[in-house]
Amino acid sequence: MNHRSPVPRSRRSRAALAVLAVAGLLATATACGDTGELRGAGATPTANGPVRLWPSLPPASTPAFDIDEVKHEAVKGVAVPGDDVHRVDPVAVVRAEIAAHPKDYRGAKAQYRETAARMADCGAGGERSRCPVLTPYYRDLTGDGHDELTLGFRQLPGPLTAVRVYTVEKHRLVLVMSWDDAVSAVELAGRSLIIRSPSDVAGYDYRLQWTWDPDQKTMLLTHDEMLRTGGPSRVPSRAPSRAPSPGASGSASAGASGSASAGASGAR
């Protein structure tokens, strides 16, 4: 039986190097005549606590707008073999959404008519490069030890990309996050999914983050902010692992320690 140290070797090595580095810095400081006395960092700004405005204004009890950001819907007509989301056909999932919203996809004047037309290229014998369904990713976002499915597909002919997250409940595929946007990047981080989109303010991007909420049993929009871009887009430090998934070619698997990133051009 192998007995492993509770501290990983890499962590112990880093700790040893850190000790040596500190010792070297102390030796250098001593050689330069530094006595080690405390030095002032200068004046600091006065801390100001929050001030409540209009305290007599009665608090609102209902939202002013319904942006339909909370999703928890069973997907009809899509099987989950063995309750394993990896065995769900991503193309079948998109076809089910198209069937559920015919006004958006069917007909010459439908907003996403080209998406429906190109679905034929997702099957055998089709031109795969024209298929609007993007590479699926898998990660445990709920913390129950089972992966969820993160799926994206282009909303054509416009610039939007649909981003969806599905989990499995009681042998059914359930939609727990849905958002359509002009997407610059998508990432998985911990229990969260992050979407970055261009804004109409020069030099700034929108950053939206959804995080799994165990009480609502869905992904909630927990952060909505504008960030200054200031430079080139950040590149993930490590690419997610990729592996074929039954039901669609070019699928991928992202483990709990990986991240998913996808790019798509467009404007909000």
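Start by selecting V133, Y166 and L173: these have the most contacts inside the largest nonpolar core, a set of 25 residues. A nonpolar core here means buried Ala, Val, Leu, Ile, Met, Phe, Trp, Tyr and Cys residues joined through side-chain atoms within 4.5 Å. Buried is under 20% relative accessible area, exposed is over 50%, and partly exposed is in between (1.4 Å probe, protein chains only). Now color α2 (90-100), β3 (148-155), β4 (160-169) and β5 (172-181), each of which supplies at least two residues of this core. The largest share, five residues, comes from α2. Helices (H or I, at least four residues) and strands (E, at least two) are DSSP runs, numbered from the N terminus.

Before going on, a word on ground rules: this is a predicted model, with local features needing pLDDT of at least 70 and side-chain atom pairs counting only at pLDDT 80 or more, while totals for chains, interfaces and linings use all residues. Residues are numbered from 1 along each chain as its sequence is written, and side-chain values use heavy atoms, leaving out hydrogens and water.

Back to V133, and zoom in. What does V133 touch? Leaving aside residues up to four places away in sequence, the list is V91, V94, M119, C122, R128, L151, G152 and F153. A contact is heavy atoms within 4.5 Å.

Select β6 (residues 185-189): four of its five residues are buried, so the strand is largely enclosed by the rest of the structure. For landmarks, V186 has I195 as its bridge partner, and L188 has L193. At the turn, two residues sit between the strands of the hairpin, and G190 takes a positive phi near 60°.

Keep going into β8 (residues 204-213), which pairs with β7 in the antiparallel sense over seven bridges. Look for S192 opposite T211. This hairpin has five residues between its strands, with G203 at a positive phi near 85°.

Now switch to the surface and select V51, L53, W54 and L57. Together they form a nonpolar patch with about 510 Å² of accessible area. Patches take residues with over 30% relative accessible area and no salt bridge, joining like charges within 9 Å and nonpolar side chains (Val, Leu, Ile, Met, Phe, Trp, Tyr) within 5 Å; a salt bridge is a side-chain nitrogen of Lys or Arg within 4 Å of a carboxyl oxygen of Asp or Glu. Areas come from the Shrake-Rupley method with a 1.4 Å probe, and for residues only the protein chains shown count as cover. Buried or exposed: which is W54? At 65% relative accessibility, W54 counts as exposed. You'll find W54 in the loop between α1 (9-31) and β1 (73-74).

Finally, zoom out. The protein has four helices and nine strands, and 34% of its 268 residues are buried.

Methods:
Two strands pair if DSSP finds at least two bridges between them.
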